[in-house]
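Visitor: I have a chain up on the screen and would like a guided tour. Could you take my questions one by one?

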Amino acid sequence: MTLLEKKTSYGFYGVVIVAIALGIWVRFINIEGKVYWHDEAYTALFATGHSRDEARSLIFANELRSAAELQSLQQVDPERGAQQLLQRLITEDSQHPPLYYLVARWFMGIWDNA
């Protein structure tokens, strides 16, 4: 490998590292103020043991809702365990693997619904 090739490869790796670091920074800056995407909202909904019908009845009740009320659908309810989570998946979203939602619920419990 010649000196020119080494400089080119170091430059390329430098650009890749900077791009990755920039992407991570953009993703995590002000993360507490970012809005969930559609699929993230359903992941939180199912992982916490809530159903789509509960979400619909809360969201589409022709009333103004506070952020705390809406966030209640994204909080782990200790009364709803893995059994309710699996039942919701079976009846409402059976094409997705249950282990993913069980692990998501476990992580939400560890980091206090973070």
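Visitor: How many positive and negative side chains does the chain have, and how far apart do the centres of the two sets lie?

Guide: Before the numbers, note that this is a predicted model, where local features need pLDDT of at least 70, side-chain atom pairs count only at pLDDT 80 or more, and totals for chains, interfaces and linings use all residues. Residues are numbered from 1 along each chain as its sequence is written, and side-chain values use heavy atoms, with hydrogens and water left out. Lys and Arg count as positive and Asp and Glu as negative, leaving out His and the chain ends, and each charge is placed at NZ of Lys, CZ of Arg, CG of Asp or CD of Glu. On that basis there are 10 positive and 13 negative side chains, with the centres of the two sets 9 Å apart.

Visitor: What does the secondary structure of the chain come to?

Guide: Helices (H or I, at least four residues) and strands (E, at least two) are DSSP runs, numbered from the N terminus. Going along from that end, the elements read α-α-α-α-α-α. The tally is six helices and zero strands.

Visitor: What radius of gyration does the chain have, next to a compact globule of 114 residues?

Guide: The radius is taken over C-alpha atoms, and the globule rule is 2.2 Å times the number of residues to the power 0.38. The C-alpha trace spans about 65 × 30 × 25 Å along its principal axes. A compact globule of 114 residues would come out near 13 Å, but the chain has 21 Å.

Visitor: What share of the residues of the chain count as buried?

Guide: Buried means under 20% relative accessible area, exposed over 50%, and partly exposed in between (1.4 Å probe, protein chains only). The chain exposes about 8,800 Å² by the Shrake-Rupley method with a 1.4 Å probe, and carbon and sulfur atoms supply 64% of that area. Of the 114 residues, the buried share is 18%.

Visitor: Which residue meets Glu40 in a salt bridge?

Guide: A salt bridge here is a side-chain nitrogen of Lys or Arg within 4 Å of a carboxyl oxygen of Asp or Glu. Glu40 sits in helix α2 (residues 38–47), and leaving aside neighbours within four places in sequence, it is in contact (heavy atoms within 4.5 Å) with Arg27 and Val35. Glu40 counts as partly exposed because its relative accessibility is 31%. Its salt-bridge partner, at 3.9 Å from N to O, is Arg27.

Visitor: Is Thr43 buried or exposed?

Guide: Thr43 also lies in helix α2. Beyond its neighbours within four places in sequence, Thr43 is in contact with Tyr100 and Tyr101. Its relative accessibility is 16%, so Thr43 counts as buried.

Visitor: Why does the salt bridge of Glu54 and Arg80 tie together parts that are apart in sequence?

Guide: The two side chains meet at 2.7 Å, N to O. Glu54 lies in helix α3 (residues 52–59), whereas Arg80 is in the loop between α4 (67–71) and α5 (82–92), so the parts tied together are 26 residues apart in sequence.

Visitor: Which residue is linked with Glu54 and Arg80 in a network of salt bridges?

Guide: By the rule above, the count for salt bridges comes to six. Another of them joins Glu63 and Arg65 at 3.7 Å, N to O. The residue linked in a network with Glu54 and Arg80 is Arg88.
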